[in-house]
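Visitor: I'd like to learn how to read a protein structure, one feature at a time. Can you walk me through this one?

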Amino acid sequence: MASQEFIDLLRRLSEAFGPSGFEDEVRDLVIKELGPYVDELMVDRWGNVIGVKYGRRRDLKAMVAAHIDEIGLLIDNIDKNGFLRFRAIGGWNEVTLVGQRVIIRTVDGRKIRGVIGSRPPHVTPPGKEREAPELKDLFIDIGASSDEEVRKLGIRVGSVAVLDRDFEVLNGGIVTGKAFDDRVGVAVMLWTARQLRSSEVTVYFVATVQEEVGLRGAQVAADRVYPDFAIALDTTIAADVPGVNEREFVTRIGKGPAIKVMDGGRGNVFIAHPTLTNFLVSIADELKIPYQLEVLIGGTTDALGIAFRRDGIPATTISIPTRYVHSPVELLSIEDALNAARLLTEALSRADEKLIQSLREKTIKAGSV
C-alpha cells in the first residue's frame, strides 16, 4: 500500500507542468501535500515553498531541499508560417528532442500541444542525414499556418513548454516518465515529512525553484533559513546500461539511494561535508538500508547552492539513481526512492545537539580585550 501511495504521489508530480521559473502547478501540489504535516508553511518572493516542522529545539535547524522545476523550452520566435523557435531552459541533449511531443502553456494558462520537428532527412544534403541537429535547427509545430493564428491561441515570445509524456510503471517496481529530476526528490521529501514523528532539530522542508538554471532558489532559501546543516535530494546518473564501463556507472538502479561524496566538474567541484557523509553511512549500515557512495563528474545539486552561503552551511545530498536523466524516459526504482526517504527520516530523527556542535565553527584561540 505504501509503495502504491508513493507511486501515485510521484505520478502527480512527474506529470505536472513546471519548467524553471514557471513552477506554479508543481508548487500548488507541494503546498497541498506538505501542508498537513508541517507547523508553518509559506512561499517566498521567488516561489520557494518552505514548510517548518518544529522539533524539541527551535534553535537547532536542519534544511531539506528538493527542486520542483524541470528542464523546458522557451519560445523566442514565431515565424510567419506559424512555426515556433525556442531556446533551452536547462541542459538538453538535442538528440532527445527530435520527434517529441510538447505541451505549451498559453498566456491565460491553457495547454496547447505540439511536436518538435526538424528538416526531413529526405531533403538533407548528402552525408548530413545522420548528423544530430543543433537546437537552432529545431522548431515546434502546433498545426498553425501563420504567426497570427499562433498568437490568437495565446502563445507568444516568452511562452514555455515541456515534453508531453505520461508516467508509466514497468516491471518490478521500475517506473519511467519525465521530470524525475527532481520530482522524485520532491516525492521523497514529502514522504519524509509524513513519516517524521519527532526530532530534536526543527526541520525546514524547502521545495526550491530554478535549480536547473543555476541553483537559484536554494541560494535564496539558504540565506533565509540559515540552517545548521542541509541535505539536498536529487537524482543522480545511473549509467548501468550496455556499452558503459562499470567504473563509469556512477550508480546502479535497485541498489539503494546514493550518499554524495563528490560531484561537479570543470572547476565547479562540490565535496560533501565529511561529517554528514559519515553520519548517513553509519545510519544506513546500522539499519541495513542499502546505499551507494556517489562520485559524479559533471552535474551538481542544490547542496552546492546552499553550502557556501553566509559563513558556510554544512551540506550533502541523498541521490536517487536514475537512468536517462534529462530525457522524456527517465527511469528509476521505487524501492530506491523509498529507501532514500527511510534514510532521510532516520537522519532527521537522530540529528541532535552533539551532531550540530560537531559541525559548528570552533574557536582555537581567543584574543583578550
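Visitor: Let's begin with helix α6. What do the buried residues of α6 pack against?

Guide: They pack against β3 (57–67), β12 (201–208) and α8 (302–307). Keep in mind that this is a predicted model.

Visitor: Which residues of α6 are buried?

Guide: Helix α6 covers residues 216–225, and its buried residues are Gly217, Ala218, Ala221, Ala222 and Val225. They span an arc of only 130° around the axis, so they sit on the same side of α6. Here's the general idea: an α-helix has 3.6 residues a turn, so residues three or four places apart point the same way.

Visitor: And what follows α6?

Guide: Tyr226 does, with a positive phi near 50°.

Visitor: How should I read a positive phi?

Guide: Now look at two loops here. Lys288 has a phi near 60°, a positive value in a residue other than glycine, and its place is in the loop between α7 (274–287) and β16. Arg310 isn't a glycine either, yet its phi is positive, about 50°; you'll find Arg310 in the loop between α8 and β17 (315–323).

Visitor: Are Lys288 and Arg310 buried or exposed?

Guide: Exposed. Lys288 has a relative accessible area of 70%, and Arg310 has one of 52%. The cut-off for exposed is over 50%.

Visitor: Now the inside. How many residues does the largest nonpolar core have?

Guide: The general idea comes first: in soluble globular proteins, nonpolar side chains tend to be buried together. In this model, the largest nonpolar core has 61 residues, and Leu10, Phe205 and Phe229 have the most contacts inside it.

Visitor: What does Leu10 touch?

Guide: Not counting residues up to four places away in sequence, Leu10 touches Phe167, Val175, Phe180, Arg183, Val184, Ala187, Leu332 and Ile334.

Visitor: What about an arginine, say Arg27: buried or exposed?

Guide: Arg27 is buried, with a relative accessible area of 13%. It's found in helix α2 (residues 24–34). Beyond its neighbours within four places in sequence, Arg27 is in contact with Val43, Gly47, Val49, Ile68 and Val209.

Visitor: Last one, the surface. Which residues form a nonpolar patch there?

Guide: Val261, Leu293, Val295 and Ile297 do, and together they have about 350 Å² of accessible area. Take Val295 as a case: it lies in strand β16 (residues 292–295) and is partly exposed, with a relative accessible area of 43%.

Definitions and conventions: Residues are numbered from 1 along each chain as its sequence is written. This is a predicted model: local features need pLDDT of at least 70, side-chain atom pairs count only at pLDDT 80 or more; totals for chains, interfaces and linings use all residues. Side-chain values use heavy atoms; hydrogens and water are left out. Helices (H or I, at least four residues) and strands (E, at least two) are DSSP runs, numbered from the N terminus. Buried means under 20% relative accessible area, exposed over 50%, partly exposed in between (1.4 Å probe, protein chains only). Contact means heavy atoms within 4.5 Å. The arc is that of the directions from the helix axis to the C-beta atoms. Patches are made of residues with over 30% relative accessible area and no salt bridge: like charges are joined within 9 Å, nonpolar side chains (Val, Leu, Ile, Met, Phe, Trp, Tyr) within 5 Å. Accessible areas come from the Shrake-Rupley method with a 1.4 Å probe; for residues, only the protein chains shown count as cover. A salt bridge is a side-chain nitrogen of Lys or Arg within 4 Å of a carboxyl oxygen of Asp or Glu. A nonpolar core is a set of buried Ala, Val, Leu, Ile, Met, Phe, Trp, Tyr and Cys residues joined through side-chain atoms within 4.5 Å.
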